[in-house]
Amino acid sequence: MSQVTLERPRAARHGKVQMPIVDGDLHHYFPSDDVILKFLDPRWHDHHKKYGARGYQPTKFPTSPYPRSAGGGRRRDAAPPSGLPIGSDVDFFIEQVIEPLNIEYGVLNLSSAAGTCLHSGYDAAFARAANTFTRDMWLNRDDRFRASICIPYEDADLAVAEIEHWKEDRRFVQCYFRARTAQPIGRKQYWPIFEAAERSGITIGMHLGGLSAFPIGGSGWPSYYVEDHTLNAVNLQSQVLSLICEGVFDRFPKLKFVAIECGVSWLAPLMWRMDKQWKRLRSEMPNLTRLPSEVIREHIRLTTQPMEEPHKPEQLLQAIEHVGEDAIMFSTDYPHWDFDNPERAFQIELPAPLKKKILHENARKVWKLSPRSGSRA
Amino acid sequence: MSRFKGAIDCDVHIAVPAVQVLYRYLSPYWKQFMIDCNNPSLEPNYYPPKTDLAARPGSRPADGKLPGSDFDLLRKQVLDEPGATGAILSCLYGAQVVRNDGWAAAISGAVNDWMADEWLARDPRFYGSIMVPWQNIEMSVAEIERCASNKRFVQILLLARSELPLGRPFFWPIYEAAQRHNLPIMVHAGGGMGNPNMSVGWNYYYAEDYLSVPQNFQAQLVSLVAEGVFNKFPSLKVVFAESGFTWLPALMWRLDKNWKGLRREVPWLQRRPSDYIKEHVRFTLQPTDEPANKRHMAEILEQIGSDDLLLYSTDYPHWQYDEEGPLPFELPAEAEAKILRGNAERTFTFS
């Protein structure tokens, strides 16, 4: 183990956040396999027990091939007194994060293999179970919860059916992709899903991870989780690139895309490169008539966690400006190990109007959330 | 163009005008192999030749030959007109992206010999890059040993799209030889050893291919640091060419932050990852991918946190800039002098 001594960063202690927060990324979990079976269509029980969630990786431990320490990447102190697995006790969840952080709305993204199973029939059944569980045990328990719809996104027909199934329940605000899709996300095979999402008025949420088909950088597989985790930003760069070049937002002009848990400041250099060379590259895409950065600013949003830690605190404000303050939405990623506490996540005190945008205003717009009575605007 | 008088251009491309020019450097076996295969050109498709990006206005020779293949035209446009006093040439001929390693070695050797005879020997301001058949590490080391005594070669050429991440121990014998001969490794955009270009599969458009290049470099940078290449080879320098660099602060911040939480995996790292990057890695200037907002560009340079990292380049003949020129931002005089010349002098050994 290295003997390097690290300085504690001069993170500003701002005290308890006074304004309401919309948390764009919370992770709840199934408490047990029995609960999964309770919600899973019995036709799939035998399949679930024998074959389960099979993905691209030959090892089966969660997050293959890069193991997480600390209980699958969850904070040890998030262990509920009830003894249930971390993130699966709804009461403790509310007690530990929703209440104390004044979370007005929190978007639940179920941590599971949903979306990544090679067998799309099973994937669809599992997604239905996941979403029903989320509705029954979480959304119905507390009106501060909102959720993403787990979808079997590699099979567009089945994914559209799942979106359609939930369209009357407005607490499902988003449909859920993992970032390591089988093809670049702008590709035509995903367009029916975008159409269904646009029709339903929900966003496309793309969250880091997914059992991956391809190596993350164009050059083979990194050895270490520290590499893989860092390169989640690269993963999303590829995806944003694909969305723009394939003209997804010209085709679906009301659609909004939320990049979740992949960082923020990588987006600005990507916009700059695209804009700079657009005049020389665009002959290949004559239908695209706007500058890439314009399209990105209109349609792409980012959740904050894991928040950037620039080398100098004031550089955080620069990074936010480079990306655009309307693009950024706060998230905690509770209960994962790199959870961001809103009282400490920003190295520098944000000016109040900017703080308001990041902590709730941008998210309220994107997910059409009305201020709750009693919330301070 | 008096601003660039005395500059050293660290990324210039020469092109093999026709594959037959290499034949006199091949053994009879490989020469016959090439003839039997109908003289296949190994010109790569990183910049499809008729696209705008491939050649800036005026750089296509009048006789229709490839941009970068005409000695007089290139010398005029790269050295004489701007007043540059040095140019580092690399040839991206695709020996490094074929599968037969013996063939790769033969063509790499031929390209290196051709470069030495037809370019480096003809003007003392030209410097060269040793192409190595990285499909086979022993053959690569042998090629380095063969060429290193010609001091006009100032670096070793690898490509950004490799079969394994460049930090992997598979490549370390190349780095050992590079360090021993005091030659930097240039990682140049290009390559393609079977992995999809992007993290999520193959691009549909050429535009995605070009625009995704920095993504490869970000992965390679993380690999070089995380695998401990700079711990193992403490005097090694790596030059990223055509990678862009405005993405660097975001990447350094993220990697530093993750290292704090995850460093049990990489216990050989004794300092922040960004400290290793600032010490060992350099970036050629073009393409600059700069924001339209000049203040934002100044902020990025400040965020990079060091004047030592950038190496002036035009990326001739690729068309990366217009009237803004190859150095599209203002700098204090001392920092500008470093970019135009000083950083190159501290990175390469020019003789």
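Helix 9 of chain A lies across strand 5 (203-207), strand 6 (257-260) and strand 7 (300-303) of chain A, and makes an angle of about 170° with strand 6 of chain A. This is a predicted model. Chain A has an open sheet of eight strands, and chain B also has an open sheet of eight strands. The two chains touch through 73 residues of chain A and 79 residues of chain B.

**The sheet of chain A**

- The eight strands of chain A follow the order 1-2-3-4-5-6-7-8, and their pairing is parallel.
- Strand 1 (21-26) and strand 8 (328-329) of chain A are at the edges with a single partner strand each, so one side of each has no neighbour in the sheet.
- Strands of a sheet pair through backbone hydrogen bonds, in either a parallel or an antiparallel way.
- In chain A, strand 2 (residues 103-108) and strand 3 (residues 145-150) run parallel and are joined by three bridges.
- A:Val107 has A:Arg146, in strand 3 of chain A, as its bridge partner.
- Helix 4 (residues 90-98) of chain A packs on this sheet and touches strand 1, strand 2 and strand 3 of chain A. The direction of helix 4 makes about 120° with that of strand 3 of chain A.

- The axes of helix 11 and helix 12 (residues 292-299) of chain A cross at roughly 145° and come within 8 Å.
- From helix 11 of chain A, the residues in this contact are A:Leu267, A:Met271, A:Met274, A:Asp275 and A:Trp278. They meet A:Pro292, A:Ser293, A:Ile296 and A:Arg297 of helix 12 of chain A.
- Sorted by class, the contact between helix 11 and helix 12 of chain A has six nonpolar residues, one polar residue and two charged residues.
- A:Arg364 and A:Glu104 form a salt bridge, with their closest N and O atoms 2.9 Å apart.
- A:Arg364 is in helix 14 (residues 352-367) of chain A and A:Glu104 is in strand 2 of chain A, so this pair ties together parts 260 residues apart in sequence.

**The sheet of chain B**

- In chain B, the order of the eight strands is 1-2-3-4-5-6-7-8, with parallel pairing.
- Its edge strands are strand 1 (8-14) and strand 8 (310-311) of chain B, each of which pairs on one side only.
- Two bridges link strand 2 (residues 86-91) and strand 3 (residues 126-131) of chain B in the parallel sense.
- The bridge partner of B:Ile88 in strand 3 of chain B is B:Tyr127.
- Helix 10 (residues 273-280) of chain B lies across strand 6 (238-241) and strand 7 (281-284) of chain B, at about 60° to strand 7 of chain B.

- Nine salt bridges are counted between chain A and chain B. One of the salt bridges joins the side chains of A:Glu321 and B:Arg295, at 2.6 Å from N to O.
- There are 37 residue pairs in polar contact across the interface of chain A and chain B.
- Helix 8 (225-230), helix 9 (232-245), helix 11 (267-281) and helix 13 (314-323) of chain A each supply at least two residues of the side that touches chain B.
- That side of chain A has 33 nonpolar, 25 polar and 15 charged residues.
- Over all chains, the count comes to 52 salt bridges.

Definitions and conventions: Residues numbered from 1 in each chain as written. Chains lettered and ligands numbered in written order. Predicted model: local features only at pLDDT ≥ 70, side-chain atom pairs only at ≥ 80, totals over all residues. Heavy atoms only, no water. Contact = heavy atoms within 4.5 Å. Salt bridge = Lys/Arg side-chain N within 4 Å of Asp/Glu carboxyl O. Polar contact = N/O pair within 3.5 Å; in protein donor to acceptor, adjacent residues only side chain to side chain. Helix = DSSP H or I, 4+ residues; strand = E, 2+ residues; numbered from the N terminus. Nonpolar A, V, L, I, M, F, W, Y, C, P; charged D, E, K, R; others polar. Pairing = 2+ DSSP bridges. Axes fitted to C-alpha atoms, helices over the stretch in contact; angles between N-to-C directions.
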